[in-house]
Amino acid sequence: KLASREFHPQSSVIDVAGVKIGDGTPVVMAGPCAVESKEQLFEAAEIVKAAGAQFLRGGAYKPRTSPYSFQGLEEQGLKYLAEARERTGLRVVTEVTTVEAIDGVAEYADMLQVGARNMQNFGLLKEVGRCGKPVLLKRGLAATIDEWLNAAEYIMNEGNPNVVLCERGIRTYETYTRNTLDLSAVAAVKHLSHLPIIVDPSHGTGKWRMVKPMAFAAVAAGADGLMMEVHPNPAKALSDGPQSLTPENYQEVMAGIQKLSQFM
Ligand code: PEP
Ligand code: MN
């Protein structure tokens with residue numbers, strides 16, 4: 001299989017508009033859950049950039065559990081993301097939820113995110129495999145590692161080798177945390193596949209207090225990077241406020257990551 005280490009023994013380094021993922025230095029993708037307004041996004045982007053991340057994240061298309069929740073700014077959100085990239089030099093990663101939105105997202109973003117809820121949307125996987133942009137593939141809510149690697153296979157089989165995996169927690173019987181962050185997946189994926197893997201402790205725990213310890217643990221486990229939610233004012237966030245870091249907490253996490261990376 002294309003994603004397997006048997007097929008490709010050497011670990012892959014994925015180049016996203018000049019930023020290398022999987023070369024030994026953990027990359028950081030940070031930003032709000034959703035693009036809410038120009039002001040909110042630009043403020044978040046400055047905070048994210050100042051503390052040393054490489055990527056700005058933020059959803060323009062939001063896959064919400066309830067149809068009555070904020071659904072995202074859609075194309076206007078993509079335009080704000082592209083503007084934020086011009087202002088800061090950060091790369092942009094954002095989710096694509098439908099086949100129809102792929103061209104637009106590929107036009108404005110450096111990397112397309114396939115979210116947990118779409119990990120087995122095979123039509124979407126095939127189309128992002130043809131879009132020519134690197135893809136961040138999140139693990140499904142209840143996906144085994146084998147199912148997740150097969151989802152990567154769908155993308156790669158269409159001619160796109162630039163896939164980065166993202167562990168974001170899986171559903172278990174535990175309810176204290178939003179999901180159960182499976183850090184053992186980092187070691188498993190490193191053994192089974194040559195693809196880089198990053199970890200999202202924000203969705204993985206649902207609790208901002210747990211983001212720092214799980215981010216450190218992910219780096220110690222060998223993750224190639226982190227995705228974290230940061231909001232200028234989490235209490236006012238339109239989505240995922242309880243798991244979003246304040247600017248101060250985010251700076252603290254980043255300072256720790258930089259120290260930790262020196263030992264890896
Ligand atoms: C996200 O990263 O914005 C997101 C919706 O995450 P997930 O697909 O992991 O739930
Ligand atoms: Mn979110």
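Strand 3 and strand 4 run parallel and are joined by two bridges; strands count as paired if DSSP finds at least two bridges between them. Helices (H or I, at least four residues) and strands (E, at least two) are DSSP runs, numbered from the N terminus. Within this pairing, M29 has F55 of strand 4 as its bridge partner. On to strand 10, where five bridges hold strand 3, again in parallel, and where E229 stands opposite G31.

A word on the model itself: it is predicted, so local features need pLDDT of at least 70 and side-chain atom pairs count only at pLDDT 80 or more, while totals for chains, interfaces and linings use all residues. Residues are numbered from 1 along each chain as its sequence is written, and chains are lettered from A and ligands numbered from 1 in the order in which they are written.

Strand 3 (residues 27–31) is mostly covered, with five of its five residues buried. A residue is buried if 20 or more other C-beta atoms lie within 10 Å of its own, exposed if 12 or fewer, and partly exposed in between, with C-beta atoms placed from the backbone. V27, M29 and G31 sit on one side of strand 3, V28 and A30 on the other, and both faces are covered.

Taken as a whole, the chain holds nine helices and ten strands. Its radius of gyration is 17 Å, close to the 18 Å that the globule rule gives for 264 residues, so the chain is as compact as a globular protein of that length. The radius is taken over C-alpha atoms, and the rule is 2.2 Å times the number of residues to the power 0.38. Along the principal axes, the C-alpha atoms fill a box of roughly 45 × 40 × 40 Å. Buried residues make up 50% of the 264.

Strands 6, 7 and 8 come next. Strand 6 (residues 111–114) pairs with strand 7 in the parallel sense over three bridges, and V114 stands opposite L137 of strand 7. Strand 7 also runs parallel to strand 8, with four bridges joining them; here the bridge partner of L137 is L165. Strand 7 is covered on both faces, with V135 and L137 buried on one side and L136 and K138 buried on the other. In strand 8, five of five residues are buried: V163, L165 and E167 point one way, and V164 and C166 the other.

W148, L149, A151, A152, Y154, I155 and M156 are its buried residues. Their cover includes helix 4 (122–128), strand 7 (135–138), strand 8 (163–167) and helix 6 (184–192).

Around ligand 1 sit C33, G59, P63, E95, G115, A116, R117, K138, R168 and H203; a residue counts as near if its C-beta atom, placed from the backbone, lies within 6 Å. This shell divides into three nonpolar, three polar and four charged residues. Ala, Val, Leu, Ile, Met, Phe, Trp, Tyr, Cys and Pro count as nonpolar, Asp, Glu, Lys and Arg as charged, and the others, Gly among them, as polar. K138 of the shell is also one of the buried residues of strand 7.

Most residues other than glycine have a negative phi. Phi of E74, however, is near 55°, and so is phi of D240. E74 lies in the loop between strand 4 (55–57) and helix 2 (75–88) and is partly exposed, with 15 other C-beta atoms within 10 Å. D240 lies in the loop between strand 10 (225–229) and helix 9 (247–261) and counts as buried, with 20 C-beta neighbours inside 10 Å.

Finally, V13 falls in the segment before strand 1 (14–16) and is partly exposed, with 13 other C-beta atoms within 10 Å. Although V13 and P196 are 183 residues apart along the chain, their C-alpha atoms are separated by 7.0 Å. Leaving out residues up to four places away in sequence, V13 touches K20, I21, G22 and D23.

Technical notes
Contact = placed C-beta atoms within 7 Å.
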